[in-house]
Each structure stands twice: as structure tokens, then as C-alpha cells.
Amino acid sequence: MRSRRFFIETWGCQMNELDSQRMAGQLMEQGLLPTRAVEEADILLLNSCSVRENAENKVFSRIGEYRDLKRDRPGMMIGLCGCVAQQVGQRALDRVPDLDFVLGPGRVGELRETLAARAAGRRLAHVGFPEEKHYEIDTIARDGEYKGMVTIIEGCNKKCTFCIVPTTRGPERSRPLATILEEVRHLVDYGFVEIELLGQTVNHWREPGGSEDFADLLDAVARTPGVRRLRFVTSYPRDFTPRMVEQIGLHPNIVPYLHLPVQSGSDSVLRRMARGYTIGGYLDLVDRLRATRPDLALSTDLIVGFPGETEGEFAETLALVERVRFAQIYAFKYSPRPGTAAPRLPDPVQPEIAGRRLQQIFAAQEGIQRSLNGDLVGRDLQVLVTGWGREAGTQTGRTSCNRVIHFSAGSPAPSLGELVDVRVAKALPHSLIGRLTNAPEASREPLSARFPILAESNR
Ligand code: SAH
Ligand code: F3S
């Protein structure tokens with residue numbers, strides 16, 4: 001008998017990535033196998049993002065494309081998951097008759113029940129944020145770049161005036177430290193060398209009913225034996241305390257890379273965004289972080305064309321980019337979102353002007369990145385081997401400062417998931433090219449030895 005297959009398409013942030021792994025795990029537990037060919041799928045899940053309007057439109061046009069597949073495959077189910085699911089709910093079922101169910105981010109752990117209901121003839125819009133959440137660390141189909149992701153805090157209580165996330169991911173809830181450490185140990189036992197802690201405002205984590213904060217949590221995770229690399233995303237500038245900065249200096253396994261969204265270089269725009277910090281405060285934090293960890297690579301998010309943004313305010317953002325010299329930026333045109341406050345602000349910026357500003361940011365950043373990457377030539381960087389390159393005999397990996405690096409694989413080639421040293425030979429704006437300088441550590445059994453399928457599927 002042909003085995004049943006599933007296909008999951010994922011948009012958006014790391015939280016969606018992890019939710020997709022959780023859904024894949026539940027499906028595999030029920031005996032379904034993943035497929036890379038959507039035409040083969042019996043269950044098709046679209047894990048959507050709604051942070052910008054474009055992302056939301058994409059998922060609906062995709063449902064339109066996929067529903068034709070249903071004609072040739074009786075019994076095939078299509079589910080809308082992720083942030084659009086939470087936002088649109090029942091209306092998606094009304095709008096698209098071919099859609100079988102809607103499953104919000106707070107209900108990821110209830111996929112089985114939702115599928116069973118559909119099999120029994122019911123089309124559920126399963127959304128909202130239950131008090132008691134199903135979160136089974138054993139049924140997560142971990143995949144990707146040898147990085148084990150661990151949610152430490154869900155939802156968001158901030159009310160940035162542009163942002164839909166508090167609506168789609170619900171109120172802030174911290175997971176207990178003991179549960180987090182249990183999951184970290186589980187990942188290390190499984191063979192992951194890199195742990196990534198996740199949250200919308202990851203550094204706002206607090207022990208439920210206790211006094212520990214993110215500094216304590218960082219300390220505890222960094223001390224966990226086997227955690228070779230520790231990263232976390234996303235930090236909120238205002239929530240950084242001196243103790244947290246100190247932890248970043250204390251633990252060499254905390255990577256020298258930090259994503260610290262600033263959104264704008266102008267205090268007046270930050271006020272309209274209700275971000276609760278000033279550029280002075282942000283720069284002060286950057287200085288303290290760099291004093292603690294001189295090799296720290298910073299990345300950021302920027303929004304251009306926020307309502308009322310003047311040429312002068314935009315120039316302040318450009319000046320900030322030039323001043324901080326981020327290793328990477330994620331810049332977006334402002335997109336009005338339902339249920340947020342910003343669309344009611346006066347003086348919207350014309351899309352052409354916002355588009356031109358975005359290009360200006362990218363142009364400035366290109367030069368900065370080229371020069372920062374150029375500074376790395378000749379240096380030895382620790383690299384996590386994540387895949388095979390397009391050219392024979394080459395591999396790709398991620399440096400601890402989160403840059404993509406291509407290098408000759410050596411002989412024997414290090415296994416995927418291994419940490420190696422690579423000397424940078426050449427810098428491009430978006431990646432590095434290098435040469436292996438050490439053999440992989442013999443002491444550690446490579447991940448691909450224990451899980452041969454990992455080596456297979458990445459070749
Ligand atoms: N706390 C999360 C925020 C999620 S949204 C994090 O920092 O990862 C991710 C980024 O999308 C934000 O930092 C912001 O730069 C961008 N973004 C959010 N809402 C937006 C909107 N309405 N228009 C354009 N960009 C937006
Ligand atoms: Fe969004 Fe601001 Fe929270 S950007 S996720 S409301 S911190």
C-alpha cells in the first residue's frame with residue numbers, strides 16, 4: 001500500500017519554522033511521511049505569516065493554486081495554519097470552500113484532533129490561546145540547519161503601533177525554566193550542537209511565579225553540558241539589563257551575534273511606533289554590548305515609510321545604519337495591518353517614496369557589509385557545517401557570527417552538523433569563501449553517523 005504523505009509550506013519567522021516541525025512530528029507519529037512534491041501530498045499545510053500584507057496575500061493565492069490538486073486526489077486535506085489562520089479564523093473557511101480546516105498558532109499541538117474532526121466530517125476553525133497547551137518535545141520533527149529551536153516565551157504584550165503579532169500570537173506567556181532546560185538537554189542528547197532560544201521578546205522572559213529573568217536563563221542554558229553554540233532571537237532593546245549584557249561576555253558558547261531590531265533611526269518615529277526607547281538609549285546599549293564582546297556582529301530590522309516619516313527622519317535612519325555598521329539588516333516598507341494603531345496616523349508615505357528609501361538603505365548597507373566581511377579575510381572562524389555546496393567537493397556552513405560561508409570540503413569531509421575552523425579567503429557582500437584549517441573533532445560522534453538519513457538528504 002502507498003504510504004500517506006504530507007507537505008508543509010512555511011512562511012515567516014523561526015516560530016513558524018518550529019511550529020511546522022511540531023506539526024510534522026504529529027503527522028509522522030500517525031504514520032505519514034513527508035514529501036517534497038506537493039502533488040504527492042495527502043495532507044497539505046500552509047503555515048502562514050501575516051506580519052506584512054504581502055505575506056498574507058501570498059498564502060491565499062497559494063491556496064488557490066493548491067485547490068486544483070484536490071480534484072485529482074480525493075481525500076486530500078488542505079489546512080491553513082499560522083498567523084493568518086488566527087487572524088482570519090472561520091472567515092477563511094467561508095471564503096474558500098476547498099479549505100478543510102484552520103489551525104491557529106496557539107493550537108499547533110491539537111493538529112491530530114483537528115484532522116480527526118475533519119475525517120468525521122467537521123470543518124473546524126481551531127484558533128485562540130488555550131490556558132493548557134499541548135507541547136510535546138518528543139514529537140517535534142527537528143530539521144534544518146542542525147539547530148535545535150526552543151521556545152522560551154510566546155506571544156507579545158508590547159503594543160508597537162505597526163505590529164499585528166500580539167493579535168496573531170496572543171498575550172505573552174513564559175515557559176518554566178525547568179521545562180526549557182529539559183528540552184535543551186533533550187536536543188543535546190539527540191546530537192544538536194546549536195541551541196536557539198525563541199520568543200518575540202526573548203529577553204523579556206521571566207520564570208512564571210518566580211524571580212529569575214533572562215540573564216539567569218542564559219546562564220543556565222549556556223552551562224548545560226553539550227551546548228556548543230547558543231543563540232536567541234528576538235531581543236527587545238528596552239528589555240536588555242546590564243546582567244544580560246554581562247552574561248553575553250561570560251559565556252564563550254553564546255554566539256557573537258545579536259539581532260536587535262531598532263525599526264527607525266529617528267526618536268520621533270520611534271515615539272509614533274510606541275517602541276519605548278530612544279536612539280541614544282539604543283546606541284548606549286550597542287556600546288555596552290560591543291565593550292563586552294568586541295567581536296559581536298549585530299543585525300537589525302528597519303521599517304521605512306512609517307506614517308508621517310519625513311525626509312529628515314529617514315535621513316536619521318540612514319545615519320544610524322552608517323554609524324552602527326550592522327552585519328545584516330532586514331528592512332521593510334511599512335505595511336498597514338488590521339487591528340493596529342498606525343494606519344490611523346496622519347500623513348501616510350507614498351509607496352514610491354517608501355520604495356526609494358528602501359533602496360537607499362540597501363545601497364548603504366551593501367557597502368557596509370562588503371567592508372565588514374572584508375575585515376574577516378585571513379581570520380579563522382568557527383563554522384557549523386550545514387550542507388554540501390553546488391560545486392563538487394565544497395560545503396557550506398554558518399559562522400558563529402551567523403554568516404554563510406562556502407569552503408572546500410577537505411578529505412575526509414567533515415560531517416554535516418560538525419563544528420570546524422575555516423580560514424576566510426575571500427569576502428562577498430552576502431557570504432564568505434574559505435578553506436578548512438582543522439580536521440573535525442574526532443571526539444564527537446557526528447550527527448550524520450547516528451542519523452544516516454541526514455547525510456543522505458543534504459547531499
Ligand atoms: N518581535 C518580533 C517582531 C516580529 S515582526 C521580532 O522582532 O522578530 C518582525 C519584523 O517585521 C519587525 O521587527 C518589523 O521590522 C517588521 N514588521 C512588523 N510589522 C510590520 C509592518 N506592519 N510593516 C512593515 N514591517 C513590519
Ligand atoms: Fe511586534 Fe513590537 Fe511585539 S514588533 S512582536 S509588538 S515587540
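This is a predicted model: local features need pLDDT of at least 70, side-chain atom pairs count only at pLDDT 80 or more; totals for chains, interfaces and linings use all residues.
## Domains

Let's start with the overall layout. The chain splits into three pieces: domain 1 runs over 5-126, domain 2 over 143-374 and domain 3 over 380-457. Take the pair formed by domain 2 and domain 3: their C-alpha centres are 27 Å apart. On the domain 2 side 23 residues take part in the contact, and on the domain 3 side 26 residues do.

How much area is buried between domain 2 and domain 3? The figure is about 2,200 Å², with carbon and sulfur atoms giving 50% of it. If you want names on the domain 2 side, look at Tyr146, Arg229 and Asn373: together they supply 34% of what domain 2 buries against domain 3, more than any other three residues.

## Ligand 1

Now for the first ligand. There are 14 residues around ligand 1, and the ones that come nearest are Gln200, Thr234, Gln263, Asp301 and Ser335. Sorted by class, its shell holds 6 nonpolar, 4 polar and 4 charged residues. Two strands, β13 (297-304) and β14 (328-333), each put at least two residues into that shell.

Which atoms does ligand 1 have close to polar backbone atoms of Phe162 and Gln200? In the case of Phe162, a nitrogen atom of the ligand sits 3.0 Å from a polar backbone atom. For Gln200, a ligand nitrogen is 2.7 Å from a polar backbone atom. Asp301 brings in its side chain instead: one of its N or O atoms there is 2.6 Å from an oxygen atom of ligand 1. On its own, ligand 1 has 530 Å² of accessible area, and the protein covers 87% of that.

## Ligand 2

Over to the second ligand. Among the residues around ligand 2 are three cysteines to click on, Cys156, Cys160 and Cys163.

By class, the ligand 2 shell comes out as 7 nonpolar, 2 polar and 2 charged residues.

## His126

One last stop is His126, which belongs to strand β6 (residues 125-126). Its side chain makes a polar contact of 2.8 Å with the side chain of Glu110. Setting aside neighbours within four places in sequence, His126 also touches Val102, Leu103, Gly104, Arg107 and Thr114, along with Glu110.

Key: Residues are numbered from 1 along each chain as its sequence is written. Chains are lettered from A and ligands numbered from 1 in the order in which they are written. Side-chain values use heavy atoms; hydrogens and water are left out. A residue is near a molecule or strand if one of its heavy atoms lies within 4 Å of it. A polar contact is a pair of N or O atoms within 3.5 Å; within protein, one must be able to donate a hydrogen and the other to accept it, and residues adjacent in sequence count only if both atoms are side-chain atoms. Accessible areas come from the Shrake-Rupley method with a 1.4 Å probe; for residues, only the protein chains shown count as cover. Helices (H or I, at least four residues) and strands (E, at least two) are DSSP runs, numbered from the N terminus. Ala, Val, Leu, Ile, Met, Phe, Trp, Tyr, Cys and Pro count as nonpolar, Asp, Glu, Lys and Arg as charged, and the others, Gly among them, as polar. Domain bounds come from an automatic or database domain assignment. Contact means heavy atoms within 4.5 Å. Buried area is the accessible area (1.4 Å probe) that two parts lose on being put together, summed over both.
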